[in-house]
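Please report on one helix of this model and on a residue within that helix. Keep it brief.

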Amino acid sequence: MVFFYSSGPGEKREEIVMANLIVVCGPQAVGKMTVAESLRDKLKYNMMMNHDSIEMSDKIFGFGTPAQKEFNAVFRKKAFELAVKHNVDLIFTYVCAFELPQEKEYLTNLAEMFKSEGGEFYFVELSADLETR
């Protein structure tokens, strides 16, 4: 998001840029990456797929290990922090287990991270029956 402000009449306007986050969420094989890529191309946002951090942490520590889970969480947290710090608009694909309270907390914290710095948070949930997928 971009805002302009000036300190008074005749003063030069300054540009303020804030990072925005779009989370594209849904079950496996529903089209998250396709939708995210389309949004990325239209909006010129950067993109981090759910698999990016999982594959990196799995390669280093082995899937499902405590070290892999911790590294995955740290990788994502740092990516979001840097996006906010450097005003990088980001799209993130994510598989969410809505029945788990910590998932709602995770998404709420992500939204707060971006909104507290003046950015926006958008949540896109995709769904399709198994036959369609």
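The model is predicted: local features need pLDDT of at least 70, side-chain atom pairs count only at pLDDT 80 or more, and totals for chains, interfaces and linings use all residues. Residues are numbered from 1 along each chain as its sequence is written, and side-chain values use heavy atoms, leaving out hydrogens and water.

**Helix α3**

Helices (H or I, at least four residues) and strands (E, at least two) are DSSP runs, numbered from the N terminus.

| Item | Value |
|---|---|
| Residues of α3 | 66-85, 20 residues |
| Span of α3, first C-alpha to last | 28 Å |
| Expected span of α3 at 1.5 Å a residue | 28 Å |

The expected span is 1.5 Å times one less than the number of residues.

Buried means under 20% relative accessible area, exposed over 50%, with partly exposed in between (1.4 Å probe, protein chains only). In α3, Q68, N72, R76, F80, A83 and V84 are buried. They cover an arc of only 140° around the axis, so they sit on the same side of α3. That arc is taken over the directions from the helix axis to the C-beta atoms. P66, E70 and K85 are exposed on the face turned away from the buried side.

The cover over the buried residues includes β3 (21-25), β4 (46-48), α2 (50-61), β5 (90-94) and α4 (101-115). Just after α3, N87 has a positive phi of about 55°.

**R76**

R76 lies in α3. Its relative accessible area is 7%, so R76 counts as buried. Which residues does R76 touch, not counting those up to four places away in sequence? They are M48, N50, S53, I54, F92, Y94 and Y106. Contact means heavy atoms within 4.5 Å. R76 and I54 are 22 residues apart along the chain, with 9.5 Å between their C-alpha atoms.
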